[in-house]
Amino acid sequence: MNIEISKVANLPTKFGNFKIKAYKENDKEHLAIFSSNLSDPLNLRIHSECLTGDALGSRKCDCGEQLEAALRYIANNGGMVIYLRQEGRNIGLLNKVNAYNLQDLGLDTIEANHQLGFRADERTYEMVDFILDDFGIKSVNLLTNNPLKLSSIKAKIVSRIPIQIEANKYNKDYLHIKKEQMGHML
């Protein structure tokens, strides 16, 4: 992998004070957002970009709330969020908006992705392995509900820490599909 790595900078946030480091992989730039007290096993959240949820507060998903919960968790307990630029389960923003349109017409999130020619989830996690290697991390406590992440990284997973988010009227069907068809542990 030909990766360009930034220096480490301070990142004070509303959740706490973190450090931040960027990784440029071709046209994608990923982030490691971490506390100053890293340990092994590392408390880790692997979070794929969701502009609509993370930045705009979309209620159609639980992504923004999961990111906020993870940042609060590592502010209090130490750890890292690896923020991967894999918008819309790695179908991109334009296709994600088209998938939203298909959902507005009655398709569920998986059916919409299939209609657009994609698998239910196009994400990959090689970059996580690269970042953990860069930090010398060998084992993690993984903050996730997604079983795919449990089998997609090289680091030893010591424990899974669930992220529980309350459903709302806009995302309850989406969360049901994640649980029933994608095996998410909600």
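**Figure 1. Cover over the buried side of helix H4.** Helix H1 (51-55), helix H3 (87-90) and helix H5 (109-115) are among the elements that cover the buried residues of H4. Helices (H or I, at least four residues) and strands (E, at least two) are DSSP runs, numbered from the N terminus. Contact means heavy atoms within 4.5 Å. The model is predicted: local features need pLDDT of at least 70, side-chain atom pairs count only at pLDDT 80 or more, and totals for chains, interfaces and linings use all residues. Residues are numbered from 1 along each chain as its sequence is written, and side-chain values use heavy atoms, with hydrogens and water left out.

Figure 2. Lys96, Ala99, Tyr100 and Leu102 of H4 are buried (under 20% relative accessible area, with exposed over 50% and partly exposed in between; 1.4 Å probe, protein chains only). Because these buried residues fall within an arc of 160° when seen down the axis of H4, they line one face of the helix; the arc is that of the directions from the helix axis to the C-beta atoms. Leu94 and Asp104, on the other side of H4, are exposed.

**Figure 3. Length of helix H4 and the residue after it.** The 12 residues of H4 (residues 93-104) should span 16 Å at 1.5 Å a residue, and the end C-alpha atoms are 16 Å apart, which agrees. The expected span is 1.5 Å times one less than the number of residues. Just after H4, Gly106 has a positive phi of about 115°.

Figure 4. The chain has 8 helices and 8 strands. Of its 186 residues, 46% count as buried.
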